Amino acid sequence: MDAFQRTELLLGAEKMRRLREARVAVFGVGGVGGYVVEALARSGIGTLDLIDNDRVSLTNLNRQIIALQSTIGKYKVDVAGERVLDINPQARVNVYKVFYLPETADSFDFTAYDYVADAIDTVTGKLMLAESAFRAKVPIISSMGAGNKLDASAFQVADIFDTSVCPLAKVMRRELRKRGIEHMKVVYSKEMPVVPEESGMEDTARRQTPGSVAFVPSVAGLIMAGEIVKDLSNGCVPS
């Protein structure tokens, strides 16, 4: 009996082989990225590179699949990596306890990847990932804003230049044009952002801490994983 036989009923043996031979890098394994990793592992992706320097915190419990009372304080990539191997012991997992920044960018060879999932939440990092994937001619799918949203049904898959409503996507469109990048697949929401209640939470990396719920970033992550699996298993990737 094979753990992925139910998936193979839909995809067939050849497509499952492609997934086993694929290597996918997931940048950011939090609210969105954790579900990307989960679905890719359960789809039989052979090699996963997990990149994140955060540790699990108490405030992650409301939405992150790797966040449990027992994992608080642990590095997210370690928790996610252990979970992948618990699902599929034959998988290969590479973990990197770093953020993707100019000083760490040289640690990654994008030509080694078959697909890149961008689930980080800073514009600078997202643009760097887009540029690196573009130069290496590696397909990338990027998550736009999932914070301050309540309607999980409002997510769509589109080219970044066909997006609307999402404030993050607007910034990304402008900056990608400056860099000569004309296409990028994204998952974005057409829901207008909700104005969060004042909570007194501090976040030195942002002007205001975004609100979040369990059922929105998870859906974005699962949609991203679905696009990756479909593209890789069909042997075609977005240009």
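Reply: Seven helices and seven strands make up the protein, where helices (H or I, at least four residues) and strands (E, at least two) are DSSP runs numbered from the N terminus. Their order along the sequence is α-α-β-α-β-α-β-β-α-β-β-α-β-α. The radius of gyration is 17 Å, close to the 18 Å of the globule rule for 239 residues, so the protein is as compact as a globular protein of that length; the radius is taken over C-alpha atoms, and the rule is 2.2 Å times the number of residues to the power 0.38.

This is a predicted model, in which local features need pLDDT of at least 70 and side-chain atom pairs count only at pLDDT 80 or more, while totals for chains, interfaces and linings use all residues. Residues are numbered from 1 along each chain as its sequence is written, and side-chain values use heavy atoms, with hydrogens and water left out.

The C-alpha trace spans about 50 × 45 × 40 Å along the principal axes of the protein. Of the 239 residues, 49% are buried (under 20% relative accessible area, with exposed over 50% and partly exposed in between; 1.4 Å probe, protein chains only). Contact means heavy atoms within 4.5 Å. Among contacts between residues at least 6 apart in sequence, 70% join residues at least 24 apart.

Leu168, Ala169, Met172, Arg173, Glu175 and Leu176 are the buried residues of α6, so the list holds the charged types Arg and Glu, counted as positive and negative respectively. The cover over these buried residues includes α5 (123-136) and β5 (140-143). After α6 comes Gly180, with a positive phi near 75 degrees.

Asp159 is buried, at a relative accessible area of 19%. Leaving out residues up to four places away in sequence, Asp159 touches Glu182, His183, Met184 and Val186. For one of these, His183, the separation from Asp159 is 24 residues in sequence and 6.1 Å in space, C-alpha to C-alpha.
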